[in-house]
Amino acid sequence: MQYRGYLCTLLALLVWLLASCSSTPPMETPADETPLSREAIEARVKTLVDQARASQSPEREGYLLEAANLLVEHQEYDWARNLLTSIDSRQLDTRGFLLHTELLGSVALNEGSYYLADRILTNPRLEQQWQTMAPERELALRELRAHLYQRTGDVIASVNERMLMDSLLSPEEPASAENREQLWQSLMSLSLVELEQAISGESQTPLRGWLELAAISKDNQANLERQQAQVDQWQSAWPNHPASNNLPNDLQLLRRLIEQQPRQVALLLPEEGTLARAADAVRDGFLSAYYRAGHEQSRRPQIRQYNTSASDDILALYEQAMAEGADLVIGPLDKDKVRQLHEQDLLPIPVLTLNYVDSTLNEERPEAPEGLYQFGLASEDEARQVARRAYQEGHRNAMILAPDRNWSARSAQAFTREWQALGGEVSIDSQFPGSGDYSRIIQQALLIDQSQARRQALTRLLGSALEFEPRRRKDLDMIFLMADPEQGRQIRPTLAFHYAGDLPVYATSHIYTGERDTKSNRDLNGVRFNTLPWLLNGEFEEKATLAEHSREAAIYSRLHALGVDAYRLYPRLPQLEQIEDARLYGATGALRMRAGGRIERELVWAQFQGGEARPMAAATPRDNALQEELRDDLQPPGER
């Protein structure tokens, strides 16, 4: 840590020394394939800074750029930023200016300073250099711009950058395939409605071709054969498009997926016991998807149902299903039975479970057996997504409010781990009972009681009453709430009563059942929450079938969605397993496969406004706390 202080002292001197910068020949050195140790970086940076102090312009700036390049390569962004902002980039020659732009743009992106990254990477001087700069530099700068636009929600601008990169890359280069896959995943982050809107504004350009192909992928998640037919039509209409002879990886697998679909599926669910009603809802969702797709699919599998409540031995039931011709098992729903399957070394026919083993078991035995895929409605996934969204929107100090339940404890732990890994802090983690008066718990968590105690002490000391308004603690900038709608309707006003009404509240899907209740939900106004697409919109055909044939309460609606997605998911398991970024856009969220065959859901976002749950756009990142500091640093030395 001593050399950091040494560098900061030197850099402070450099800001003063470099007030008169001129043209700079940057001293770029080839990247060394052998990673440098911390000590080697320290020694090299110290040498370069000493050389800069002993040199005149333009050599001085060249040494600084070389040191900054080394620091960026080794992800020492704060030190690189200090070096780069000590240079007046207006005085650099073209080559030095482009390197400075690339390095400082990379630093700003990695520090989350998107406003500044935009200023750096759209500099008018940069815009004048595209036609003359070296292809390698153009690729690096356009890559940074593509990342910037993607992170700030301008997906089409990001795709345009990647299309320009595609024209600079040889199709044989690995970088070309990686760039096209990134382009495709950017398009896949748009909803079908957004894709269709973008298509309407485009003529017969390569961008329109990409948009149409993405819309085909998004619009046919439930039917492989229909999706393949529309891809074939697209290729006929766009024979010269860059993607026509080199389809995105997930679409290249379609024919094989169609040919390899299971012929018989065993559905393992309980028919009696505490999970029976939940199982009925899952079964109804599964069969509604099955019958809805039946008139369009030529290879619809045979479904055989097995009662898991008849025996505690799930392995015997699995073997029975396999002996009777099943080539895929869906279920069980019970965690203990999922655990029994997880403990096996090998499963001869694949299993798509409808629940997950406990995270503690995953730590004891992280490797799932070959052939086991876990899928369910894990609240931990939702908690991690809350952490990512809140952090991306600029929050850093969180308060957790959760019921005293096992599932919420797991979710709170998942949120905390993700939040701290991102760089946030959890200042309060409070639990409340399932129902009752939440005022005392919130008052204690916000330190209102301490504020009132100070008032009482002053009153006793002065011997007279004081005009006084209690104050809550000020080290919070967001609240993570896990609560059902009834709890949330009491907690949200209680927060406002205790002077925390200005704090943004983020919640999981438990806060919303999907039922329209404008009057009651006004007490939830402002709450942001992630939720299942199934609950937020009416675009799923299976809903009509369920409305006609199922009479389950609204609380079971998310289990209907689980069943629908289980049917949609099983034929695409090889696709998700083989392609890291592949997604199935289903009723429970955007599904992707993580390590060990675990299916993770990315939910959609909504906010209560006027008592209505209204969809939210993708998160718009806000600059972090370094924004003002960097903005000042980016002023040329003579203007600070």
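In the predicted model, helix α9 (residues 155–168) packs against helix α12 at an angle of about 120 degrees, and the axes of the two helices lie 11 Å apart. On the side of α9 the contact is made by I156, V159, N160 and M163, and on the side of α12 by P206, L207, W210 and L211. By class, the residues of this contact comprise 7 nonpolar and 1 polar, with no charged residue among them.

Helix α9 also packs with helix α8 (residues 135–151), the axes of α8 and α9 coming within 7 Å and crossing at roughly 160 degrees. Since angles over 145 degrees count as roughly antiparallel, this description applies to α8 and α9. The crossing of α8 and α9 is left-handed. From α8, the residues E138, L139, R142, E143, R145, A146, H147, Y149 and Q150 take part, and they meet V155, A157, S158, E161, R162, L164, M165 and L168 of α9. The residues of the contact between α8 and α9 divide into 8 nonpolar, 3 polar and 6 charged.

Within α12, which spans residues 206–219, attention may be turned to S217. The relative accessible area of S217 is 3%, and because a value under 20% defines the buried class, S217 is buried. When neighbours within four places in sequence are set aside, S217 is in contact with W184, M188, Q227, D250 and L251. The separation between S217 and V231 is 14 residues in sequence, whereas in space their C-alpha atoms are 8.3 Å apart.

For the protein as a whole, 30 helices and 15 strands are assigned. The protein has 640 residues, of which 52% count as buried. Among contacts with a separation of 6 or more, 69% are accounted for by residues 24 or more positions apart.

How values were computed:
Residues numbered from 1 in each chain as written. Predicted model: local features only at pLDDT ≥ 70, side-chain atom pairs only at ≥ 80, totals over all residues. Heavy atoms only, no water. Helix = DSSP H or I, 4+ residues; strand = E, 2+ residues; numbered from the N terminus. Buried < 20%, exposed > 50% of the residue type's maximum accessible area, 1.4 Å probe, protein only. Contact = heavy atoms within 4.5 Å. Axes fitted to C-alpha atoms, helices over the stretch in contact; angles between N-to-C directions. Nonpolar A, V, L, I, M, F, W, Y, C, P; charged D, E, K, R; others polar. Parallel < 35°, antiparallel > 145°, perpendicular 65-115°, else oblique. Left-handed = near helix turned anticlockwise from the far one by under 90°.
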